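Please read this report with the sequence and the 3D view side by side, and find each residue in the view as it is named. The text moves from an annotated site to the strands, and then to the rings and their surroundings.

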Amino acid sequence: MDKYECPCGYVYDPAQGDPDNGIPAGTTFADLPEDWLCPVCDSEKEFFEKV
């Protein structure tokens, strides 16, 4: 699964998810809720780039 990086440097890794914000491991970036924000800087998904 592809990882996506926020301009702040946070990398969303689907293998880990975002458990602190209720996103279970195995959740692809495309399947994140539209209102999900970077847990570090609150950037929206549109600012993330595939790495």
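## The annotated cysteines

In the UniProt record, an unreviewed entry, the annotation "binding site" covers Cys 6, Cys 8, Cys 38 and Cys 41; UniProt positions are given here in the numbering of this report, feature names are shortened, and annotations may be inferred rather than shown by experiment. The model is a predicted one, in which local features need pLDDT of at least 70 and side-chain atom pairs count only at pLDDT 80 or more, while totals for chains, interfaces and linings use all residues. Residues are numbered from 1 along each chain as its sequence is written, and side-chain values use heavy atoms, with hydrogens and water left out.

Cys 6 is found in the loop between β1 (4-5) and β2 (11-12), where strands (E, at least two residues) and helices (H or I, at least four) are DSSP runs numbered from the N terminus. Cys 6 is buried, because its relative accessibility is 2%; buried means under 20% relative accessible area, exposed means over 50%, and partly exposed lies in between, with a 1.4 Å probe and protein chains only. Leaving aside residues up to four places away in sequence, Cys 6 touches Cys 38, Cys 41, Ser 43 and Phe 48, a contact being heavy atoms within 4.5 Å. Cys 41, by comparison, belongs to the loop between β2 and β3 (49-50) and is partly exposed, with a relative accessible area of 34%. Under the same exclusion of residues up to four places away in sequence, Cys 41 touches Cys 6 and Cys 8.

## The sheet

An open sheet is formed by 3 strands in the order β2-β1-β3, with antiparallel pairing; two strands pair if DSSP finds at least two bridges between them. Because β2 and β3 stand at the edges, each with a single partner strand, one side of each is left without a neighbour in the sheet. The antiparallel pairing of β1 with β3 runs over 2 bridges.

Tyr 4 has its place in strand β1, and its bridge partner in β3 is Lys 50. Not counting residues up to four places away in sequence, Tyr 4 touches Tyr 10, Val 11, Tyr 12, Phe 29, Phe 48, Glu 49, Lys 50 and Val 51.

## The aromatic rings

The structure holds 7 aromatic pairs; rings of Phe, Tyr and Trp (its six-membered ring) pair if their centres lie within 6.5 Å, and planes under 30 degrees apart count as stacked, over 60 as edge-to-face and the rest as tilted. In one of them, the rings of Tyr 10 and Phe 48 have their centres 6.5 Å apart and their planes at 85°, so this pair is edge-to-face. The pair links distant parts of the chain, since Tyr 10 is in the loop between β1 and β2 and Phe 48 in the loop between β2 and β3, 38 residues apart. Tyr 10 is buried at 18% relative accessible area, and Phe 48 is likewise buried, at 7%.

Phe 29 and Trp 36 also form an edge-to-face pair, with 6.4 Å from centre to centre and 85° between the planes. Phe 29 counts as buried at 10% relative accessibility, and Trp 36 is buried with a relative accessible area of 5%. Ring pairs link Tyr 4, Tyr 10, Tyr 12, Phe 29, Trp 36 and Phe 48 into a cluster.

## Around Lys 45

Which ring does the charged end of Lys 45 sit over? It is the ring of Phe 29, 5.3 Å from its centre; a charge sits over a ring if NZ of Lys or CZ of Arg is within 6 Å of the ring centre and within 35 degrees of the ring normal. Lys 45 lies in the loop between β2 and β3 and counts as buried at 12% relative accessibility. A polar atom of the Lys 45 side chain lies 3.3 Å from the backbone oxygen of Phe 29, and one lies 3.1 Å from the backbone oxygen of Leu 32.

Technical notes:
Polar contact = N/O pair within 3.5 Å; in protein donor to acceptor, adjacent residues only side chain to side chain.
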